[in-house]
Amino acid sequence: MKVKFTTLGCKVNQYESQAMLEALCAQGFQPAPEGETADVVVVNSCTVTGQSDQKARQALRRVKRQNPGAIAVLTGCWPQAFPEAAASFYEADIVLGNANRAALAGHITTYLATKQRVVDIAPHQKGEALEPMQVHGLEGHSRAFLKIEDGCQRFCSYCIIPFARGPVRSKPPKAIAQEAADLAANGYQEITLTGINLSAYGQDLGLTLCDAIEAACSAHGLRQVGLGSLEPEGLTPEVIARMKAQPKFQPAFHLSLQSGCTATLRRMKRVYTAAGYRDIVAQLRQAFPACRVTTDVMVGFPGETEEEFQESLAFVQELAFDKVHVFAYSRRPGTLAAKAPDQVDEAVKKRRSHQMMEAVEKIRK
């Protein structure tokens, strides 16, 4: 049987789609060549914004039209975070959460035999282990992703991801080194370490992120080891020093900011201040003079006053990031911020977005 994946969302989802594809191929499935129809279509969903779920619905409907008669599978963060809503999306023949992707082949076999819908969304459990998962490459890419961590326990007031991903679970350094070596043996010279909250790597193992970096860098044949998006608070002086000691480490940091105003950060339930973030960026630039620092900035968060926005804008201008992803706050049902008072008017969000993007473009030039 031929299978085709549609992946929405982050680098972790891309890694997991590749891992599921490889697992299916090991059991006799084949990837559908470009332009050919598939017998099984899988949509690996994202649920980070209020519009993400609708994008998953649209994607599944589209691939069903393009692959008439195919078994339609919905998996990923949307079913895990909102199991009732995803289970009631009857255009999916199989609905699978994030906790048991290894069951996918068996569910396809069951559906073929019974023609009965399969819904398998197991809730995350405290103390659960990281699901065993490995890839040997990344289709169509010269740089491979290596997932080293899953889960987040921070519960920022605007974010649904802890409900979709569960507690922090980390891949042991020995397994990281082996997977990195396998990727190098398959011709990949550059890899990016990914995770839902990379900075939390090792909390469950008594380790830190630099232990994972060192493990990956130990693989012969690799030229560069980089990092996906980071939360700033995990970058202690010790971690930065150990990063610097690795010749293969690529000093490019996507360091999530969200706001340059500490009062706004407090309402977001972020665990750092603007001053603390500034210090971490300064430490990175001192340790890696040629490093690239990029970030995300949200405007229009509930309660954000004009003065707070201007404070955030000035902070972004001061730090002179190499690139900034600017986006307006979008209400995500199921989060504290969605119910918060003082929601910012859409027109104000739009104006602030344009103003922030104009400032960022001037910095970039």
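What order do the three strands of the open sheet have, and with which pairing? The order is 11-12-13, and the pairing is parallel. Strands here are DSSP runs (E, at least two residues), just as helices are runs of H or I with at least four residues, both numbered from the N terminus. Two strands pair if DSSP finds at least two bridges between them.

A word on the model: it is predicted, so local features need pLDDT of at least 70 and side-chain atom pairs count only at pLDDT 80 or more, while totals for chains, interfaces and linings use all residues. Residues are numbered from 1 along each chain as its sequence is written, and side-chain values use heavy atoms, leaving out hydrogens and water.

| Strands | Sense | Bridges | A bridge pair |
|---|---|---|---|
| Strand 11 and strand 12 | parallel | three bridges | Phe-253 and Val-293 |
| Strand 12 (residues 292-299) and strand 13 (residues 323-328) | parallel | six bridges | Asp-296 and His-325 |

From strand 12 the chain passes through helix 12 (residues 306-319) to strand 13, a right-handed β-α-β crossover. Right-handed means that, with the strands pointing away from the viewer, the path from the first strand over the helix to the second runs clockwise.

Now to one residue of strand 12, Thr-294. Thr-294 counts as buried because its relative accessibility is 12%, where buried means under 20% relative accessible area (1.4 Å probe, protein chains only). Not counting residues up to four places away in sequence, Thr-294 touches Phe-253, His-254, Leu-255, Phe-321, Asp-322 and Lys-323, a contact being heavy atoms within 4.5 Å.

Key:
Buried < 20%, exposed > 50% of the residue type's maximum accessible area, 1.4 Å probe, protein only.
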